[in-house]
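Please keep the sequence and the structure at hand while reading.

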Amino acid sequence: MKKVSIAFALGLMVAAASAADVSVSVARDHASDVNGYRVGTEVRGVSLSATHIPGQYDRVAVGKEVSLFSVSNFNFRGSVAGTYQRTLTGAQDGYGVTAGVGVSYPLTKNINAFANIERFEGQERVNQFNGNISTVGINYRF
């Protein structure tokens, strides 16, 4: 499965090079109480991301994000994704789903600041990592 993670990460970088937007964020896994980071992009309406929580896991996700409503310049969004988790603690790897909500605010014409919170639910072999993840970051649209 390490080869799958590497292939996905390389695919994510290639997609980001031709994508309409790229995001970088700080991630906080509230279940393990550990900070990490996330990189992501959107290609043809499909969201792709890779999250690294040191000493815990690497997680890649493919999903969809939709705008729910706007208040002033704040845009509220919902998201859902299928995930694959490569566990770094010696436990088994596995699959799961995430669902979340977020808000973004434009800083300039092409740059948005955002904050998200999502819930991860994994299959039995990774369900010890079930919990909430919050992210705060910057998104650049080309």
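Which strands each supply at least two residues of the lining of the largest pocket? In this predicted model, they are strand E1 (21-29), strand E2 (34-43), strand E3 (46-53), E4, strand E5 (74-87), E6, strand E7 (111-122) and strand E8 (131-141).

**Fold**

- Of the 142 residues in the chain, 38% count as buried.

**Largest pocket**

- The largest pocket has a volume of about 730 Å³ and is lined by 43 residues, of which Ser23, Ser47, Glu65, Arg77 and Asn116 lie nearest its centre.
- Sorted by class, the lining of the largest pocket comprises 12 nonpolar, 22 polar and nine charged residues.
- E4 gives the most to this lining, with nine residues.

**Nonpolar surface patch**

- Val66, Leu68, Phe69, Val71, Phe74, Val101, Tyr105, Leu107, Ile117 and Ile138 make a nonpolar surface patch of about 880 Å².
- Strand E4 (57-71) and strand E6 (94-106) each supply at least two residues of the nonpolar patch, and E4 gives the most to the patch, with four residues.
- Phe69, one of the patch residues, lies in strand E4 and counts as partly exposed because its relative accessibility is 44%.

**Salt bridges**

- Side chains of opposite charge can pair when their charged atoms come close.
- The count for this model comes to six salt bridges, among them the pairs described below.
- Arg86 forms a salt bridge with Asp58, with the closest N and O atoms 2.4 Å apart; this pair links distant parts of the chain, since Arg86 is in strand E5 and Asp58 is in strand E4, 28 residues apart.
- Asp58 counts as buried because its relative accessibility is 18%, which is under the 20% cut-off.
- Arg77 forms a salt bridge with Glu65, the closest N and O atoms being 2.7 Å apart, and here too the pair links distant parts of the chain, with Arg77 in strand E5 and Glu65 in strand E4, 12 residues apart.
- Arg77 is buried, with a relative accessible area of 10%, whereas Glu65 counts as partly exposed at 29% relative accessibility; both residues are listed with those nearest the centre of the largest pocket.
- The side chains of Arg119 and Glu121 meet in a salt bridge at 2.8 Å, N to O, where Arg119 counts as partly exposed at 38% relative accessibility and Glu121 counts as partly exposed at 35%.

Key. Residues numbered from 1 in each chain as written. Predicted model: local features only at pLDDT ≥ 70, side-chain atom pairs only at ≥ 80, totals over all residues. Heavy atoms only, no water. Patch = residues over 30% accessible without salt bridge, like charges linked within 9 Å, V, L, I, M, F, W, Y side chains within 5 Å. Areas by Shrake-Rupley, 256 points an atom, 1.4 Å probe, with all protein chains shown as cover. Salt bridge = Lys/Arg side-chain N within 4 Å of Asp/Glu carboxyl O. Buried < 20%, exposed > 50% of the residue type's maximum accessible area, 1.4 Å probe, protein only. 1 Å grid on protein atoms, 1.4 Å probe; cavity = no way out; pocket = protein on both sides within 12 Å on 5 of 7 lines; lining within 4 Å. Points joined across faces, edges and corners; volume = space filled by probe spheres on them. Nonpolar A, V, L, I, M, F, W, Y, C, P; charged D, E, K, R; others polar.
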